[in-house]
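Good morning, and thank you for making time for this presentation. I would ask you to keep the sequence and the structure in view while I speak.

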Amino acid sequence: MAIPVETLDVSTGDLWGLTGRLLLASLIGGAIGVNRQMAGKAGGLRTHMLVSLGAALFVVIPAAIETTAHPDAVSRAIQGVATGVGFLGAGEIVHQSRVKPGKPGVKGLTSAAAIWVTAALGMIASAGLWQASVIGTLFALFILSGAKWVEKFVPVTRDEEK
């Protein structure tokens with residue numbers, strides 16, 4: 001389902017509405033970024049704020065430039081952001097994968113997923129769906145913090161242990 005450009009209701013004359021959406025996107029990214037920074041992860045406050053803000057800006061562009069834009073313009077922007085942020089997340093995984101020589105290991109999957117979710121939340125905020133962006137942020141923070149506690153009680157068997 002494509003988001004009609006008209007429903008975004010963003011124009012260059014709506015300075016306060018646009019500022020509110022971009023501020024919300026930045027704050028959402030900041031909330032997740034603080035969580036990641038407190039956990040000592042490479043992508044922290046500034047990274048997540050910039051990812052969320054950047055994603056929000058890419059969604060606002062087709063709506064702000066021309067109100068008669070193609071109906072799929074926003075959908076294409078969302079697809080482009082999702083793909084581009086995927087590469088950013090892949091870089092996070094590759095960077096952290098160098099654990100010990102001779103011992104393969106993958107680290108950074110949660111950090112990559114957090115960056116991806118942050119971009120999605122920024123896009124939702126810029127589309128004016130502030131309730132969904134706040135609820136999504138709360139869910140993401142619960143998953144990053146609360147689910148870690150639940151993981152302690154889940155038995156894990158790795159392939160190399162068999």
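Read along the sequence, this protein follows the pattern α-α-α-α-α-α. In other words, there are six helices and zero strands. Please bear in mind throughout that what you see is a predicted model.

Let me turn to the protein as a whole. The protein has 162 residues, and 33% of them count as buried. If we take the contacts between residues at least 6 apart in sequence, 64% of those contacts join residues at least 24 apart.

I now come to one pair of helices. At what angle do helix 2 and helix 6 pack? Helix 2, residues 15-38, and helix 6, residues 130-151, pack at about 5°, and their axes are 10 Å apart. Angles under 35 degrees count as roughly parallel, and therefore helix 2 is described as roughly parallel to helix 6.

Which residues meet there? From helix 2 come Leu24, Ile28, Ala31, Ile32, Asn35 and Arg36. On the side of helix 6, their partners are Trp130, Ser133, Thr137, Ala140, Leu141, Leu144 and Ser145.

Serine 133 is found in helix 6. Is serine 133 buried or exposed? Its relative accessible area is 0%, and because buried means under 20%, serine 133 counts as buried. Leaving aside neighbours within four places in sequence, serine 133 is in contact with Leu24, Ile28, Leu121, Ile124 and Ala125.

Leucine 129 lies in the loop between helix 5 and helix 6. With a relative accessible area of 42%, leucine 129 is partly exposed. Leucine 129 and arginine 21 are 108 residues apart in sequence, and their C-alpha atoms are 9.0 Å apart in space.

A further example is glycine 84, which has its place in helix 4, residues 73-96. Glycine 84 counts as partly exposed, at 41% relative accessibility. Between glycine 84 and alanine 119 there are 35 residues in sequence terms, and 10.0 Å in space from C-alpha to C-alpha.

The largest pocket has a volume of about 670 Å³. Its lining is made up of 26 residues, and those nearest the centre of the pocket are Arg36, Thr110, Ser111, Leu144 and Lys148.

Which helices supply at least two residues each to this lining? They are helix 2, helix 5, which covers 109-126, and helix 6. The largest share, nine residues, comes from helix 6. Taken together, the lining residues of the largest pocket divide into 13 nonpolar, eight polar and five charged.

Thank you for your attention.

Key: Residues numbered from 1 in each chain as written. Predicted model: local features only at pLDDT ≥ 70, side-chain atom pairs only at ≥ 80, totals over all residues. Heavy atoms only, no water. Axes fitted to C-alpha atoms, helices over the stretch in contact; angles between N-to-C directions. Helix = DSSP H or I, 4+ residues; strand = E, 2+ residues; numbered from the N terminus. Parallel < 35°, antiparallel > 145°, perpendicular 65-115°, else oblique. Contact = heavy atoms within 4.5 Å. 1 Å grid on protein atoms, 1.4 Å probe; cavity = no way out; pocket = protein on both sides within 12 Å on 5 of 7 lines; lining within 4 Å. Points joined across faces, edges and corners; volume = space filled by probe spheres on them. Nonpolar A, V, L, I, M, F, W, Y, C, P; charged D, E, K, R; others polar. Buried < 20%, exposed > 50% of the residue type's maximum accessible area, 1.4 Å probe, protein only.
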